[in-house]
Amino acid sequence: MKITAVLLLGLTALGSAQLEWWQTSTFYQVYPRSFKDGGFDGIGDIPGIIEKLDHFVDIGIGGVWLSPVFKSPMKDFGYDVSNFREIDPIFGTMADFDALVVGCRNRGLKLILDFVPNHSSDEHDWFIRSKAREDPYTDYYTWVDPAGYNATGAPIAPNNWISVFGGPAWEWVEERQQFYLHQFHAGQPDLNYRNPLVLEEMNDVLRFWLDKGADGFRLDAVPHLMEEPGLPDEPPTNDPNYGPDQWGSLEHIYTKDQPELYDIIYGFRDIVDQKQGELGRPLVMLVEAYTNITNTMKYYGNGTHPGAHFPFNFQLIDNLKNETDAAGLQSIINTWFSNLPSGAWSNWVVGNHDQPRVAGRFGTQFGLTSIILGQLLPGTAVTYNGEELNMENTWISWADTVDPQGCQAGPDEYWRFSRDPERTPFQWSAEAMAGFTTGSTTWLPINENYVTLNLEAQKVAAKSPYKVYKRLTEARKNIIAVQTGELRTYVLDTHIFSFARAVPAGNPSVLVVVNLGFEDQVVNANPNNDLPVIANFYTGSLEAVYAENEEVSTVSLAIPARGALVLTYDALV
Ligand code: NOJ
């Protein structure tokens, strides 16, 4: 049996007195188009979110993060911002935003906004003026002359770079006789951070929303902020899974993770810290970075300069697939902690609007198990809306596909890339339109399973993901071991992994036992006799045979296939 222990740096085994709200809270990502329609156009909006604020309180959320609600032509559903300081009419008005701030404050909820620094919309006023070479906007974007002209006189792109959504990362503009860079959709031109005016504009955007009442930001797509200025071609991956037009066909060594970008992030943190001093309320800055673990850790800061409060930890998204070996899961968790800089705060993300839902990635049983892991491993937990119900992916036909990443892949391949399946409307009840809208259509189809899989049904069911989820967020608040307990991980058997969040006797410690295998199993979770023989079942998989608070034997535990048991116990010493 392989055992590893991680002492949480900077924390005593019990004391949580110094912890900040963003450390003890569960964060909840709202995808506004799909959460709740306050009107009847079939698209979620801010009035809808206000209507449902009590849901956050009910499920024990501390921080609500909204995907972008700013003015946008919606080519990437809000991640293409045409005015960084306005609310898009689809989502409501500035008065609605103000009411949302008040509604959150009244309930003790923090409000986090999405900040999209890498690009604007091609309909942003800056871009329109930049195209026309109107100063000071001329160099707000990355404009490059053509590499030449082909036999028919068409301009040739500066290099072979490919956009994340597929196809060339360069778009020709007749008006300016130059190409502009877009690492995502052509409607999302990359801002030029070599121009100090751009940085100052974006710093002002941060200040603006903090003054409006936001409690912090999630920073979008930050590994893409800078590119190698010589614009060299990127080498091929030779990965047979990707065609020549697809992003996966190149190694992104010149368009991602460039060394200069970290200082920009640390600079954004300075703005947040300055405003925190000025406004007198604690703020937070989180970053979204799909990159390797070494680069991920750079977002925390460089030892002298702080960066993000935390970069999202995507280890359970990037590295946990459908494998069944307990040692693999232990290694994923230990790799994260062995790379975490001293004093840095951990977090766990299992899903978001860009990833298939956990129930789809892992199956419903292990989907719930992964939600349990995310809530009880050390650090902040981040939930994507619908995970509290263990909502499933929705099959979307090509005709109904709207995500640009799916559309650009074409009818044969869209299903590999489309993010629509995880973005369908939240399933509130078994009423018409799942209680999402009073209208008769929705922007994406509602999953047909809403008749049985919905919040109202899960509230009255004897067992449900919702009830498990509530127990987990309660544990985060009430069981000190979940905040500060020492992490000990164990491989108990080929498919059985467990971890403890241990505090000294006198307060409950927590033990989570996970069955990665596809067979029910009875296991001894106490092979070293270092746990008491009797523990209490706290919560766990719906298939678990135990009742809440029931006494169980740690030496003989029945664990359902792909399931998890959460136990509390009083340490022997
Ligand atoms: C990351 C966002 O999460 C994703 O939805 C978006 O398409 C890209 N960044 C571009 O902004």
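**Ground rules.** I am working with a predicted model, where local features need pLDDT of at least 70 and side-chain atom pairs count only at pLDDT 80 or more, while totals for chains, interfaces and linings use all residues. I number residues from 1 along each chain as its sequence is written, and side-chain values use heavy atoms, with hydrogens and water left out.

**Domains.** I looked up the assignment (bounds from an automatic or database source) and found domain 1 at 20–118 + 196–221 + 257–465, with domain 2 at 121–190 + 236–249. Their C-alpha centres lie 28 Å apart. The contact (heavy atoms within 4.5 Å) takes 22 residues from domain 1 and 22 residues from domain 2.

**Buried area.** Next I checked the accessible area (1.4 Å probe) that the two parts lose on being put together, summed over both. It comes to about 1800 Å², 53% of it on carbon and sulfur atoms. In domain 1, Lys75, Asn118 and Gln408 lose the most area to domain 2, together 28% of what that side buries.

**Salt bridges.** I find two across the interface (a side-chain nitrogen of Lys or Arg within 4 Å of a carboxyl oxygen of Asp or Glu). Lys75 turns up again here: its side chain forms a salt bridge with that of Asp122, at 2.9 Å, N to O.

**Elements.** Which element gives the most to the side of domain 1 that touches domain 2? My answer is helix 7, with four residues (helices are DSSP runs of H or I, at least four residues, numbered from the N terminus).

Conventions
Helices (H or I, at least four residues) and strands (E, at least two) are DSSP runs, numbered from the N terminus.
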